[in-house]
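Biologist: I am new to this structure. Please show me how to read it, step by step.

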Amino acid sequence: RQQGLPPGPPTLPLIGNLHLFPTTRAHLKFTEWAATYGNIYSVKIGSQTAVFISSAKCARECFELNSATTSDRPEMHMLNLVYQGNEMIMGRYGPYWKNLRRAAHHLLSKDACNTHLALQRAGANLMMNAILESPQNIYDHIQRYATSLVLELVFGVHCPTYDDPLIKEHYEIERQTELLIKPGEHPPIDAFPILRYIPERWTRWRSMCRDIRNRQRKYFLNFVDRCLDRIANEKKTGCFMEYLLENGGEYGFNRENTLYFALSLVLAGGDTTATYLQFFVLCMLENPEILAKAQREIDDVIGNDRVPELKDLENLPYVRAIINEVHRYRPIAPTSIPHYTIADIKVAGYLIPKGTTIFMNIWGIGRDPELYEDPDRFWPERFVNSEFGTKPGADTTGCRETPFSFGSGRRICPGVHLASNSIAINVMNVLWAFEINPSKDPDTGLQVPFSTNDTIDGALLSPNRFACDIRPRSSAKVDLIKRELELSRPSFDRFT
Ligand code: HEM
């Protein structure tokens with residue numbers, strides 16, 4: 001470990017800390033290290049350095065005040081094989097990425113998102129109706145909502161049911177793609193670049209990258225072809241891809257850039273929103289008294305004669321607190337997406353050299369004992385008692401309105417407004433419409449186990465499929481849900 005670097009676990013010659021690097025539930029180990037080595041610490045992997053930031057104050061200094069230097073992404077060989085530098089999420093910082101961000105703003109700015117609200121509400125109504133029809137499939141109904149929304153907006157493709165083959169293929173592609181970046185899944189090719197030269201017959205990753213690339217191209221190019229057809233036949237849906245195919249030059253995009261930009265939005269926008277909403281349902285299942293309190297608030301403000309609207313959220317402080325607490329308690333990207341320095345910087349008095357990978361330890365920031373009382377407890381009241389959910393007297397430098405789970409600095413999630421609207425609409429709907437209880441095994445009568453800790457071991461933190469007993473709170477609400485769905489169906493007409 002070079003002089004001036006933040007402290008960290010003791011290293012071994014050549015491999016550094018590689019032998020200590022966790023391959024499962026890595027965020028827990030990274031947060032444990034923060035308790036030992038501090039809110040900024042470094043880890044060596046071969047010759048490479050990684051720095052972990054685990055406090056709001058350091059995150060502000062690192063990602064916001066030094067954003068001109070900390071907005072690159074580390075090079076990942078396998079992603080290069082799949083995307084050849086065209087995609088956005090791991091794209092290198094520079095003029096091409098700046099154009100991608102400009103283009104993303106066109107679709108995802110706060111104002112643009114106001115124009116997507118009718119579609120989001122229609123999709124949410126479809127989800128409530130699907131829960132009425134097959135409550136046992138709530139996990140899938142949530143996935144359908146989130147995936148169909150991004151496919152509708154980006155490619156003009158509507159998926160009305162969860163067993164639509166397009167939804168199934170989307171999730172297969174997401175799962176495969178996640179394996180590319182899952183720690184421990186492959187040899188450390190990026191830390192030891194010499195591994196790139198191992199002959200193909202002894203490696204699995206090259207053929208895997210080729211398969212994923214081909215599968216993604218087949219899936220997404222089919223959507224592009226459909227857009228081209230609609231443009232030719234003057235049957236446009238107003239989706240983003242149609243706009244890009246006609247105006248991509250505005251951003252300097254060629255056809256490949258356009259394809260991979262759209263792919264980035266769809267892959268980044270579907271699973272993330274779905275995972276948040278699945279965790280929300282699990283948090284309600286685990287905390288019936290919190291669910292009941294939120295429903296009392298909803299009943300007082302909205303009542304039984306109409307469904308919730310986005311603007312109701314202003315009058316629902318406890319529901320807002322629940323939304324913030326789910327973000328804190330189960331951040332879906334617990335160590336965000338790594339950033340990379342393009343020059344030396346100083347953070348908290350330590351040197352972070354050019355060429356360092358920096359992780360924002362979102363999980364650790366949400367569990368910082370200096371900021372949060374009883375951080376491992378799901379307790380929305382903390383966000384009622386103080387603006388940022390912090391304990392009395394805490395130094396709130398770096399705390400902010402946008403949840404940390406969306407990342408930080410110039411790379412902060414550009415989908416934050418779309419995701420926040422989806423979350424608000426669906427959280428209010430579910431609280432207003434449904435009772436949520438543990439389900440019982442029909443044979444044994446025993447409660448079917450569930451837990452917010454029962455997660456898929458992937459690059460993102462997402463819950464395993466779970467069961468619950470979710471049913472309408474009254475027959476009058478069933479009638480309202482059905483009526484609302486019929487009223488909002490015209491939003492889908494343009495996709496037929
Ligand atoms: C609950 C939902 C979501 C969460 C928690 C989330 C979280 C994140 C995080 C942590 C990052 C990395 C930020 C950083 O590097 O500092 C990110 C990046 C990104 N997100 Fe999201 N996201 C969500 C939904 C969405 C949606 C709906 C879209 C678009 C439709 C989207 C598009 C993107 C893109 C394109 C990036 C890469 C940005 C870049 O590298 O410049 N996300 N997101």
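This is a predicted model: local features need pLDDT of at least 70, side-chain atom pairs count only at pLDDT 80 or more; totals for chains, interfaces and linings use all residues.

Biologist: Let us take one residue from the shell. What does UniProt place at Cys 413?

Modeller: An unreviewed UniProt entry places the feature "binding site" there. Such annotations may be inferred rather than shown by experiment.

Biologist: Where is Cys 413 found?

Modeller: Cys 413 is in the loop between helix 15 (381-385) and helix 16 (416-433).

Biologist: Is Cys 413 buried or exposed?

Modeller: Count C-beta neighbours. A residue is buried if 20 or more other C-beta atoms lie within 10 Å of its own. Cys 413 has 24 inside 10 Å, so it counts as buried.

Biologist: Which residues is Cys 413 in contact with, leaving aside its neighbours within four places in sequence?

Modeller: Phe 406 and Gly 407.

Biologist: On to helix 16. What span should its 18 residues have?

Modeller: At 1.5 Å a residue, helix 16 should span 26 Å. Its end C-alpha atoms are 25 Å apart, so the two values agree.

Biologist: Why is helix 16 described as largely enclosed by the rest of the structure?

Modeller: Because 16 of its 18 residues are buried.

Biologist: What does helix 7 look like by these tests?

Modeller: Helix 7 covers residues 138-155. From its first C-alpha to its last, helix 7 reaches 25 Å, close to the 26 Å expected. Helix 7 is mostly covered, with 16 of its 18 residues buried. Gly 156 follows helix 7, and its phi is positive, near 70°.

Biologist: Show me a residue inside helix 7.

Modeller: Take Leu 153, which lies in helix 7. With 27 other C-beta atoms within 10 Å, Leu 153 is buried. Beyond its neighbours within four places in sequence, Leu 153 is in contact with Leu 107, His 116, Cys 239 and Phe 240. Leu 151 is in helix 7 too. Leu 151 counts as buried because it has 24 C-beta neighbours inside 10 Å. Its contacts, with neighbours within four places left aside, are Val 157, Cys 159 and Val 266.

Biologist: Now step back. How many helices and strands are in the chain?

Modeller: The chain has 17 helices and 10 strands. Its radius of gyration is 23 Å, close to the 23 Å that the globule rule gives for 496 residues, so the chain is as compact as a globular protein of that length. Along its principal axes, the C-alpha trace spans about 70 × 60 × 45 Å.

Biologist: What part of the chain counts as buried?

Modeller: Of the 496 residues, 43% do. Look at contacts as well. Take those between residues at least 6 apart in sequence: 72% join residues at least 24 apart.

Methods: Residues are numbered from 1 along each chain as its sequence is written. Helices (H or I, at least four residues) and strands (E, at least two) are DSSP runs, numbered from the N terminus. A residue is buried if 20 or more other C-beta atoms lie within 10 Å of its own, exposed if 12 or fewer, and partly exposed in between; C-beta atoms are placed from the backbone. Two residues are in contact if their C-beta atoms, placed from the backbone, lie within 7 Å. The expected span of a helix is 1.5 Å times one less than its number of residues. The radius of gyration is taken over C-alpha atoms; the globule rule is 2.2 Å times the number of residues to the power 0.38.
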